Amino acid sequence: KNSHHDSGDDDEAANPADKSELHHTLKNLSLKLDDLSTCNDLIAKHGAALQRSLTELDGLKIPSESGEKLKVVNERATLFRITSNAMINACRDFLELAEIHSRKWQRALQYEQEQRVHLEETIEQLAKQHNSLERAFHSAPGRPTNPSKSFIEGSLLTPKGEDSEEDEDTEYFDAMEDSTSFITVITEAKEDSWAEGSPLMWQVLDGASLVPKGSSKVKRRVRIPNKPNYSLNLWSIMKNCIGRELSRIPMPVNFNEPLSMLQRLTEDLEYHHLLDKAVHCTSSVEQMCLVAAFSVSSYSTTVHRIAKPFNPMLGETFELDRLDDMGLRSLCEQVSHHPPSAAHYVFSKHGWSLWQEITISSKFRGKYISIMPLGAIHLEFQASGNHYVWRKSTSTVHNIIVGKLWIDQSGDIEIVNHKTNDRCQLKFLPYSYFSKEAARKVTGVVSDSQGKAHYVLSGSWDEQMECSKVVHSSPSSPSSDGKQKTVYQTLSAKLLWKKYPLPENAENMYYFSELALTLNEHEEGVAPTDSRLRPDQRLMEKGRWDEANTEKQRLEEKQRLSRRRRLEACGPGSSCSSEEEKEADAYTPLWFEKRLDPLTGEMACVYKGGYWEAKEKQDWHMCPNIF
């Protein structure tokens with residue numbers, strides 16, 4: 001729900017209450033004035049009676065000394081009556097002024113409320129006009145409508161002049177390679193032209209996006225309770241947090257989704273079949289195409305997922321034991337709380353393993369939130385020894401203040417095969433209102449160790465990726481800005497990966513994919529630190545958000561207490577200079593350990609073993625009590 005809607009609804013609900021309170025106050029003041037008038041009448045009546053009594057006393061024959069005292073009493077009684085009358089008149093004047101000014105204040109307040117509502121309606125109208133202009137712009141004549149054809153950066157160039165020597169089946173596109181541009185020429189070819197590539201590769205690709213999801217003996221859930229319709233103004237919480245680290249901002253569960261960051265990281269495996277297929281590639285550059293498609297596929301779940309996953313507790317774990325249907329076992333552990341960092345290890349029985357330690361750095365910038373996952377992702381194929389390394393791109397959540405929240409991916413990803421030195425340069429194009437490009441576009445080039453391009457990749461991170469085999473490359477003449485471009489002649493594109501459709505009713509279930517719906521399903525035998533057992537997350541999933549918020553506060557306080565105890569145990573004489581270093585020194589992960597990564601030169605947490613053996617024995621005595 002848009003943040004301006006939230007605040008608007010609150011104001012409209014408050015208006016009648018404000019008016020009612022004002023009338024109630026005026027009514028009370030009028031009643032008080034009536035009381036004062038009654039008192040005035042009584043004072044006048046009793047004052048007159050007192051005056052008469054004093055006059056009667058004055059007529060009596062009394063000693064002169066008593067007469068003087070009687071005269072003083074008489075004067076004081078007269079002064080009291082005059083003062084009482086003045087007080088009553090002052091109260092009446094006060095009420096009249098209060099009535100006059102309260103009407104002015106009421107009119108001024110009503111004017112301000114009307115102005116605010118008008119401003120909110122104007123902003124909403126502008127947001128709608130913005131969306132309409134966007135749609136009109138993208139559907140305007142002359143713009144490329146096929147995202148798979150307009151896959152490279154720049155404008156569509158299709159010379160149709162009489163002097164053109166090009167075949168009508170040949171199309172040109174501008175593109176990017178590293179930081180410069182290139183042009184791709186796509187030549188329509190007969191299917192047997194693909195024989196230049198590995199036949200096995202294209203058998204792999206022909207079925208890659210249509211792989212049936214593994215049959216499991218376990219029947220897994222296909223829905224969760226619908227998301228409740230609670231409205232809360234995000235801006236009311238975020239406006240005081242500009243520039244702060246997002247993980248340090250206390251957020252109610254209303255802005256979360258009922259999954260933890262560990263489960264979100266595990267979602268990267270949704271299209272694991274791409275790696276299962278890549279195992280069978282005999283050519284490393286062809287294998288790179290599938291690895292690149294897998295790296296892009298991990299963003300496909302984010303397109304509608306603008307809610308924040310739960311920040312895991314320190315020591316929290318999440319396992320995915322799906323050898324039967326997915327052919328893999330995955331384990332995540334939260335190894336640091338500030339900054340939030342998770343270690344992940346996956347073993348596949350099909351012949352590959354993947355590991356990563358991802359530290360989430362997120363900053364609130366006012367209009368948007370930047371989420372920067374730091375850390376290297378490793379993928380190794382056992383049979384060939386091909387070892388791929390890459391890093392994630394930056395995610396940005398837009399329209400924090402007004403309008404519909406939306407997410408974008410941007411930046412360059414370089415995937416390197418450290419055995420062969422093959423490389424893939426991927427570029428995630430940030431969305432621009434004025435750009436001619438399709439939204440969420442990704443382009444890339446796969447090159448061997450000599451820098452020779454073998455494949456051009458194209459598509460979008462929320463839909464699909466294709467690859468086209470390069471058959472010839474040559475430099476073009478410099479463009480008007482002096483940049484040299486490379487012209488690639490390619491065969492027609494082949495589909496590498498296509499996103500699965502979302503489950504029915506996904507819009508009411510946080511836009512979870514089929515895999516995401518199963519991740520928080522209760523399972524027997526998991527570690528007591530598993531995300532499935534986290535109580536606030538479970539309450540949120542059930543729709544009991546108020547209870548979830550109370551439970552979240554309890555867990556966070558419990559974690560703060562544990563942290564203080566650890567730091568006290570670390571001692572004041574510790575050589576650690578920063579708070580983060582002290583915390584890292586004081587805490588040791590259970591299933592992962594810090595090692596020097598020989599390929600990146602960085603320290604990273606890698607799996608040290610023991611988890612699945614402990615699960616087999618159901619011996620969890622070493623697990624901390626975090627929930």
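**Close-up views of salt bridges and a surface patch**

Arg305 is buried, at a relative accessible area of 2% (buried means under 20% relative accessible area, exposed over 50%, partly exposed in between, with a 1.4 Å probe and protein chains only). The model is predicted: local features need pLDDT of at least 70, side-chain atom pairs count only at pLDDT 80 or more, and totals for chains, interfaces and linings use all residues. Residues are numbered from 1 along each chain as its sequence is written, and side-chain values use heavy atoms, with hydrogens and water left out.

**View A. Salt bridge between Arg305 and Glu257.** The closest N and O atoms of Arg305 and Glu257 are 2.8 Å apart (a salt bridge is a side-chain nitrogen of Lys or Arg within 4 Å of a carboxyl oxygen of Asp or Glu). The pair links distant parts of the chain, 48 residues apart. Arg305 is in the loop between helix H7 (284–297) and strand S5 (308–310), while Glu257 belongs to strand S4 (residues 256–260). Helices (H or I, at least four residues) and strands (E, at least two) are DSSP runs, numbered from the N terminus. Glu257 counts as buried because its relative accessibility is 0%.

**View B. Salt bridge between Asp325 and Arg322.** The N to O distance for this pair is 2.9 Å. Asp325 has 13% relative accessibility and so counts as buried. Arg322 is buried too, with a relative accessible area of 7%.

**View C. Salt bridge between Lys552 and Glu556.** The side chains of Lys552 and Glu556 meet at 2.8 Å, N to O. Both residues lie in helix H10 (residues 545–570), four residues apart, which is about one turn of the helix. Lys552 counts as buried at 10% relative accessibility, whereas Glu556, at 24%, counts as partly exposed.

**View D. Salt-bridge network of Arg220, Glu523, Asp530 and Arg532.** Salt bridges link these four residues in a network. Side chains of opposite charge can pair when their charged atoms come close. The structure holds 26 salt bridges.

**View E. Nonpolar surface patch of Leu57, Leu60 and Ile62.** Together these residues have about 250 Å² of accessible area (areas come from the Shrake-Rupley method with a 1.4 Å probe; for residues, only the protein chains shown count as cover). Patches are made of residues with over 30% relative accessible area and no salt bridge; like charges are joined within 9 Å, nonpolar side chains (Val, Leu, Ile, Met, Phe, Trp, Tyr) within 5 Å. Leu57 is placed in helix H1 (residues 3–59). Leu57 counts as partly exposed because its relative accessibility is 38%.
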